[in-house]
Amino acid sequence: MILLKDILYKVPLESVVGNTSVAITNLHFDSRLVTLNDVFVAIRGTQSDGHDYIIKAVEKGAIAVVCEELPAQIIHGVSYVKVVDSASALAVMSANYYENPSHNLKLIGVTGTNGKTTIASLLYQLFEKAGYTVGLLSTVKIMVADQEFKATHTTPDSLTINKYLAEMNAAGVEYCFMEVSSHGIHQKRTEGLQFAGGIFTNLSHDHLDYHNSFAEYRDVKKKFFDELPKEAFALVNIDDKNGPVMVQNTKARKVTYALKTVADFKAQILENQLSGLLLKINDQEVWVRLIGSFNAYNLLAIYATAELLGLEQMETLQLLSQLESVSGRFQYLISEGNITAIVDYAHTPDALKNVLETINDIRTKNEQLITVVGAGGDRDTTKRPKMGHIASALSSKTIFTSDNPRSEDPNLIIEEIEAGVAPQNFKKVVSIADRKQAIKTACQLANPHDIILIAGKGHETYQEIKGERFDFDDYKIVEETLKQLEK
Ligand SMILES: CC(=O)N[C@H]1[C@@H](OP(=O)(O)OP(=O)(O)OC[C@H]2O[C@@H](n3ccc(=O)[nH]c3=O)[C@H](O)[C@@H]2O)O[C@H](CO)[C@@H](O)[C@@H]1O[C@H](C)C(=O)N[C@@H](C)C(=O)N[C@H](CCC(=O)O)C(=O)O
Ligand SMILES: Nc1ncnc2c1ncn2[C@@H]1O[C@H](COP(=O)(O)OP(=O)(O)OP(=O)(O)O)[C@@H](O)[C@H]1O
Ligand SMILES: N[C@H](CCC[C@H](N)C(=O)O)C(=O)O
Ligand SMILES: [Mg+2]
């Protein structure tokens with residue numbers, strides 16, 4: 001039997017109306033899910049205010065309500081707990097409810113603008129190959145040892161995180177690698193978790209629709225490191241100018257990695273080809289199957305993490321060479337007719353620039369690079385012209401298309417992307433709103449040895465239009481189209 005007061009342990013309380021020694025069943029922050037004897041936590045969101053649903057929750061059987069402001073109408077038999085911050089309270093209560101599962105495994109959080117999914121997924125792969133039982137919370141999927149679950153967020157809400165961590169405890173998971181997004185930190189989804197380590201990848205222009213300024217976005221990321229315990233490690237990329245900022249106030253052990261400057265962990269790119277990278281990591285050479293200079297950073301962070309967690313150096317290097325690319329992250333195929341198609345999740349100006357420069361580093365002058373790209377609706381609009389400029393400047397031909405338009409008109413999104421194209425690149429671009437048609441056109445334009453890049457949706461298997469999700473898989477479509485055209 002779980003009592004309300006048990007799950008309130010360590011939650012700063014402002015006032016209480018009613019009894020906290022009542023037995024509770026489940027914990028919820030969505031009134032629609034409440035059933036008899038549950039606790040409802042009212043959270044102020046971006047669309048609505050959970051406080052407006054307190055009455056609904058009580059009608060559905062809530063025995064207790066946790067909120068920032070007590071409702072005018074107090075119902076007899078229901079306990080009301082006033083807290084300073086409901087989202088923080090939910091995080092601590094979730095950890096208590098599931099008996100602090102993060103204490104029973106080594107939890108590593110990966111944060112930064114790009115590379116979180118790649119690093120977390122590859123660490124999951126590497127530790128599995130090393131023989132451990134491993135967990136993963138990522139944009140692409142959630143893994144509890146070998147069991148796969150669908151991911152809805154990069155960093156799920158605190159209740160969901162703790163639920164999966166508890167399942168990981170039950171499955172004997174020793175290490176869990178999780179992505180920590182800026183939304184996640186800001187909404188306190190990771191509060192109350194005990195991290196054994198944190199990794200910082202890089203910071204660039206993203207999510208300025210949600211965060212008011214770059215400084216605010218940076219400080220949200222920094223907060224994750226501020227809150228790490230002193231037993232943890234804070235592994236940061238110091239080639240990024242914000243790397244040192246992240247660890248300014250951390251209590252954790254600071255460890256650095258870099259390609260360009262002196263650092264605790266250093267790497268050098270010896271060769272960069274479509275078949276892989278030859279790296280020199282701390283004076284040892286290693287071939288990896290991943291492509292692109294940015295992956296050198298990811299692999300170095302992975303190597304450093306493995307060493308910080310006690311894996312043996314030679315074993316780690318050997319396992320690094322076996323890692324396979326993550327779905328939708330520079331995932332590629334070479335067709336019968338020798339056309340290379342690359343599907344990548346790059347959906348920010350910085351990531352797009354990285355991917356295009358990576359391909360341009362590898363391709364020769366005779367090979368065309370044909371890029372298919374769009375931008376999501378209901379998200380940061382300032383990135384659109386930037387992406388338009390980057391794609392058109394760095395490709396031989398560019399086809400602007402629709403991503404997930406959500407509630408917006410795809411043609412208007414495309415117009416904003418086109419606005420960034422410099423006059424000298426006008427003749428290189430065409431816009432085709434139908435994404436399937438855009439991919440098909442790219443395939444028709446491609447000659448043997450050319451490279452097609454399809455950016456922005458990576459692993460996604462749907463296209464979201466006006467609240468509805470339609471089946472859509474960039475990789476499958478390009479694979480089938482090339483097959484058909486080359487028949
Ligand atoms: C903008 C944003 O982050 N929103 C998240 C937020 O929802 P919200 O603040 O809009 O919630 P709301 O709709 O205003 O509702 C407020 C409260 O009332 C409650 N409610 C609402 C209706 C009702 O009938 N009853 C009720 O109790 C809701 O459950 C909620 O607790 O809290 C919800 C519960 O945790 C999240 O699911 C939701 O994620 C939305 C779906 C989302 O799209 N988030 C994206 C932007 C996101 O989080 N992305 C990052 C990754 C970004 C990246 O790095 O690329 C991620 O970690 O996934
Ligand atoms: N270390 C890196 N530096 C710059 N760009 C990178 C790096 N790693 C990956 N990328 C690029 O950014 C894209 C997104 O990578 P990944 O999915 O690993 O990042 P993420 O941080 O999880 O992103 P999201 O917040 O969208 O989930 C990749 O498809 C790749 O093009
Ligand atoms: N986690 C990111 C993913 C963006 C992917 C892109 N395909 C889009 O839909 O905008 C977001 O929700 O902002
Ligand atoms: Mg991710």
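Let's start with Gly-456: setting aside neighbours within four places in sequence, Gly-456 is in contact (heavy atoms within 4.5 Å) with Asp-344, Tyr-345, Ala-346, His-347 and Asp-403. At 3% relative accessibility Gly-456 counts as buried, and by that word I mean under 20% relative accessible area, with exposed being over 50% and partly exposed in between, using a 1.4 Å probe and protein chains only. You will find Gly-456 in the loop between strand 24 (451-455) and strand 25 (462-465). Helices here are DSSP runs of H or I with at least four residues, strands are runs of E with at least two, and both are numbered from the N terminus.

Before I go on, a word on what we are looking at. This is a predicted model, where local features need pLDDT of at least 70 and side-chain atom pairs count only at pLDDT 80 or more, while totals for chains, interfaces and linings use all residues. Residues are numbered from 1 along each chain as its sequence is written, chains are lettered from A and ligands numbered from 1 in the order in which they are written, and side-chain values use heavy atoms, with hydrogens and water left out.

Back to that loop. Glu-460 also sits between strand 24 and strand 25, and Glu-460 is buried, with a relative accessible area of 7%.

What does UniProt place at Gly-456 and Glu-460? The unreviewed entry gives them the feature "binding site", along with Arg-379, Asp-403, Asn-404, Pro-405 and Arg-406. Do keep in mind that UniProt positions are in the numbering used here, feature names are shortened, and annotations may be inferred rather than shown by experiment.

While we are in this part of the chain, have a look at Ser-402. Ser-402 lies in the loop between strand 22 (397-400) and helix 13 (410-418), and is buried at 6% relative accessible area. Leaving out neighbours within four places in sequence, its contacts are Pro-410, Ile-414, Ile-432, Ala-433, Arg-435 and Gln-463.

Now to the metal. Which protein residues are donors of the magnesium ion, ligand 4? They are Thr-117 through OG1, Thr-139 through OG1 and Glu-179 through OE, at 2.1 to 2.2 Å from the ion. Donors are N, O and S atoms within 2.8 Å of the metal (3.2 Å for Na, K and Ca), and water is not among the atoms, so sites may look incomplete. Along the chain, the donors of this magnesium ion follow the spacing T-x21-T-x39-E. Thr-117 is buried at 6% relative accessibility, and Glu-179 is buried at 1%.

Stepping back to the domains. The assignment gives domain 1 (2-97), domain 2 (101-320) and domain 3 (331-485), with bounds that come from an automatic or database domain assignment. The centres of domain 1 and domain 2, taken over C-alpha atoms, are 33 Å apart. Eleven residues from domain 1 and ten residues from domain 2 take part in their contact. Together these two domains bury about 850 Å², 61% of it on carbon and sulfur atoms. In domain 1, Ala-91, Ser-94 and Ala-95 lose the most area to domain 2, together 41% of what that side buries. Buried area is the accessible area (1.4 Å probe) that two parts lose on being put together, summed over both.

Last, a couple of backbone angles. Most residues other than glycine have a negative phi. Asn-100, though, is not a glycine and has a positive phi of about 45°. Asn-100 lies in the loop between helix 3 (86-97) and strand 8 (106-111), and is partly exposed at 23% relative accessible area. Lys-188 is not a glycine either, and has a positive phi of about 60°. Its place is the loop between helix 6 (182-186) and strand 13 (197-200), and at 18% relative accessibility Lys-188 counts as buried.
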